[in-house]
Amino acid sequence: MQRVILCSLICCLLGMAACGPAPATDPSATTTTPTSSQRVPSTPTPTTTSPTTAPTVPTTVPTVPTTVPTEPLYPGLDKAPNFTVYDNNKETVQLTDFIGTPVVLNFWASWCSPCKAEMPDFQEAYQTYGQQIQFMMVNMTDGTYETRLSAANFIQQMGYTFPIYYDPYYSAVSAYGVQNIPTTVFINADGYIVASITGKLSAVQLQHYLDMLLA
């Protein structure tokens, strides 16, 4: 019996020597205990930085064109050129003085037979429409074949009362390129040429163009 106990003690001592001392516990080590769920990381809140300087708002408003292209007032008609002539008082008169009123512009001379032949019809037209239409009977006063005196004497002798104008420097003649007389130009109230006729006008033709001006 004593022999058995002794053997057991010897074996125990031998086993302890083989196993060595128990491992020391590392105080820095952490033990993770598995759990049944895992916390989901929260979504990081984005950091919003408010701008310290407000964006610059343009203060200049783009200019919008105020002029709208328009169609010509009278398509196909030419603007009547301006000119300077002289009345019986030697005062200058221009075509633009009568803007807003239709104008009958007639080029004539006392030596021109066709000019003299149509004048009674112009006189009658003036008496009828003189308050609505401006008649400009422009004399081609070249100083040689026609003078202010010869023209004025003819008008006085015939008893005509329509307005007479003198063109000693051919301002009107040049503006309208007059090469033959009589020449009559019909100009509407806005200053556009409605018709230009070279040669003697009959009473019917004259009335036709007067009606155009008054339409």
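I'll start with Lys90, which is found in the loop between strand 1 (84–86) and strand 2. Helices (H or I, at least four residues) and strands (E, at least two) are DSSP runs, numbered from the N terminus. This is a predicted model, in which local features need pLDDT of at least 70 and side-chain atom pairs count only at pLDDT 80 or more, while totals for chains, interfaces and linings use all residues. Residues are numbered from 1 along each chain as its sequence is written, and side-chain values use heavy atoms, with hydrogens and water left out.

Lys90 is not a glycine, yet it has a positive phi of about 65°. Its relative accessible area is 62%, so Lys90 counts as exposed. For that word the cut-off is over 50% relative accessible area; buried means under 20%, and partly exposed is in between (1.4 Å probe, protein chains only).

Tyr170 also has a positive phi, near 55°, and is a residue other than glycine. Tyr170 sits in the loop between strand 5 (164–166) and helix 4, and is partly exposed at 27% relative accessible area. One more backbone item: the peptide bond joining Ile181 and Pro182 is cis, with omega about 5°. Pro182 belongs to the loop between helix 4 (171–175) and strand 6.

Now strand 3. Six of the six residues in strand 3 (residues 103–108) are buried. In a regular strand the side chains alternate between the two faces of the sheet. Here, Val103, Leu105 and Phe107 on one side are buried, and so are Val104, Asn106 and Trp108 on the other.

What does strand 3 pair with? Strand 4 pairs with strand 3 in the parallel sense over six bridges, and strand 6 (residues 183–187) is joined to strand 3 antiparallel by five bridges. Pairing requires that DSSP finds at least two bridges between two strands. Asn106 is opposite Thr184 in strand 6, while Trp108 has Asn139 of strand 4 as its bridge partner.

Strand 3, helix 2 (residues 113–129) and strand 4 form a right-handed β-α-β unit. Right-handed means that, with the strands pointing away from the viewer, the path from the first strand over the helix to the second runs clockwise.

Ala125 and Leu206 are 81 residues apart along the chain, with 8.3 Å between their C-alpha atoms. Contact means heavy atoms within 4.5 Å. Not counting residues up to four places away in sequence, Asp121 touches Leu201, Ser202, Ala203 and Leu206.

Last, Glu146, in the loop between strand 4 (134–139) and helix 3 (148–158).

Glu146 does make a polar contact of 2.9 Å with Asn139, side chain to side chain. A polar contact is a pair of N or O atoms within 3.5 Å; within protein, one must be able to donate a hydrogen and the other to accept it, and residues adjacent in sequence count only if both atoms are side-chain atoms. Beyond four places in sequence, residues touched by Glu146 include Trp108, Trp111 and Asn139.
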